[in-house]
Amino acid sequence: RWAKVPAAKINDTLWAKTEKVAIDTSLLADAFSVDDDDKPKTRKALARPPPKHKVVSLLDQRRAQNVAIILTARRVSVQAIVSAILTLNVDIVDAEYAEALCNVLPTPEEVRVVEAMADQIETLGPPERFFYMVSRIPRVPSRMKMWVYTQRFDEDARVLKQNCRSMIHAIHVLSTCRELVFVLQTILAMGNFLNSSNATYGKAS
């Protein structure tokens with residue numbers, strides 16, 4: 001945008017020697033004019049968000065909230081989570097996350113509810129869309145439980161083996177401990193004496 005310079009400031013400059021020149025303004029208008037459709041939008045128009053589709057919720061509010069918390073734990077889309085379950089992708093759904101998902105799998109009644117909206121699946125909230133998509137996987141509850149078991153098998157076997165070794169060692173220590181044998185012998189002798197028919201002490205109860 002031009003800024004007008006006061007005449008007093010152009011004295012002794014090259015602009016003081018210039019004269020007016022006749023130009024064809026129509027050529028300039030054709031070359032540099034902007035159609036209304038091509039004009040840049042105002043800042044207010046650019047800031048206006050596009051209209052959002054109304055999200056349909058079919059679940060109880062608390063149930064939907066609990067499912068949504070689990071779904072957002074991995075910061076990936078519902079489609080990515082369902083695909084990971086289908087392909088057993090441990091990079092997205094590890095044992096811990098798979099166990100959490102097991103706790104929010106849809107019930108048969110919830111599956112029937114979301115299936116009734118199959119033709120409007122895009123309008124549903126993330127929990128409902130997860131229920132619909134995961135219900136398409138055959139035997140998904142058994143699949144998830146087996147997946148958790150498989151992922152944790154090595155660690156569970158290691159812990160069990162360590163516990164067995166500790167128990168065997170404890171049995172060996174106790175069975176070869178002379179002090180323990182002496183303590184047990186003493187307890188037995190005391191018990192036999194107190195439970196004898198001695199008239200002085202009677203039978204211990």
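Visitor: What makes Glu110 count as buried?

Guide: Its relative accessible area is 14%. Buried means under 20%, exposed means over 50%, and partly exposed lies in between, with a 1.4 Å probe and protein chains only. Since 14% is under 20%, Glu110 is therefore buried. Glu110 is found in helix H6, residues 108–115.

Visitor: What kind of model is this, and how is it numbered?

Guide: It is a predicted model, in which local features need pLDDT of at least 70 and side-chain atom pairs count only at pLDDT 80 or more, while totals for chains, interfaces and linings use all residues. Residues are numbered from 1 along each chain as its sequence is written, and side-chain values use heavy atoms, with hydrogens and water left out.

Visitor: Which residues is Glu110 in contact with, leaving aside neighbours within four places in sequence?

Guide: Those are Leu59, Arg63, Leu105 and Phe131. Contact means heavy atoms within 4.5 Å.

Visitor: What makes up the secondary structure of the chain?

Guide: Nine helices and zero strands. From the N terminus on, the elements run α-α-α-α-α-α-α-α-α. Helices (H or I, at least four residues) and strands (E, at least two) are DSSP runs, numbered from the N terminus.

Visitor: How much of the chain counts as buried?

Guide: Of its 205 residues, 19% do. As for contacts with a separation of 6 or more, 72% come from residues 24 or more positions apart.

Visitor: Why do the buried residues of H5 line one face of the helix?

Guide: Start with the list: Ala95, Tyr97, Ala98 and Leu101 are the buried residues of H5, which covers residues 95–102. Seen down the helix axis, they fall within an arc of 165°, so they line one face. The arc is taken from the directions from the helix axis to the C-beta atoms. These residues pack against H3 (61–71), H4 (78–87), H7 (126–134) and H8 (140–175).

Visitor: What is the largest nonpolar core made of?

Guide: It has 30 residues. H3, H4, H5, H7 and H8 each give two or more residues to this core. Ile85, Leu101, Phe130 and Met144 have the most contacts inside it. A nonpolar core is a set of buried Ala, Val, Leu, Ile, Met, Phe, Trp, Tyr and Cys residues joined through side-chain atoms within 4.5 Å. In soluble globular proteins, nonpolar side chains tend to be buried together.

Visitor: How do you know that Phe130 is buried?

Guide: Its relative accessible area is 0%, so it counts as buried. Leaving aside neighbours within four places in sequence, Phe130 is in contact with several residues, among them Val67, Ile81, Ile85 and Leu101.

Visitor: Why is the pair of Phe130 and Phe131 called tilted?

Guide: Rings of Phe, Tyr and Trp (its six-membered ring) pair if their centres lie within 6.5 Å; planes under 30 degrees apart count as stacked, over 60 as edge-to-face, and the rest as tilted. Here the centres are 6.1 Å apart and the planes are at 50°, so the pair is tilted. Phe131 is also buried, at 0% relative accessible area. The whole structure has two aromatic pairs.

Visitor: What makes Arg74 sit over the ring of Tyr97?

Guide: A charge sits over a ring if NZ of Lys or CZ of Arg is within 6 Å of the ring centre and within 35 degrees of the ring normal. The charged end of Arg74 is 4.4 Å from the centre of the Tyr97 ring. The charged end of Arg136 sits over the ring of Tyr132, 4.8 Å from its centre.

Visitor: Is Arg75 buried or exposed?

Guide: Exposed, because its relative accessible area is 78%. Arg75 lies in the loop between H3 and H4. Its phi is positive, about 55°, although it is not a glycine.

Visitor: Why is Val76 called partly exposed?

Guide: Its relative accessible area is 32%, so it falls in the middle class. Val76 lies in the loop between H3 and H4. Val76 and Ile92 are 16 residues apart in sequence and 8.4 Å apart in space, C-alpha to C-alpha.
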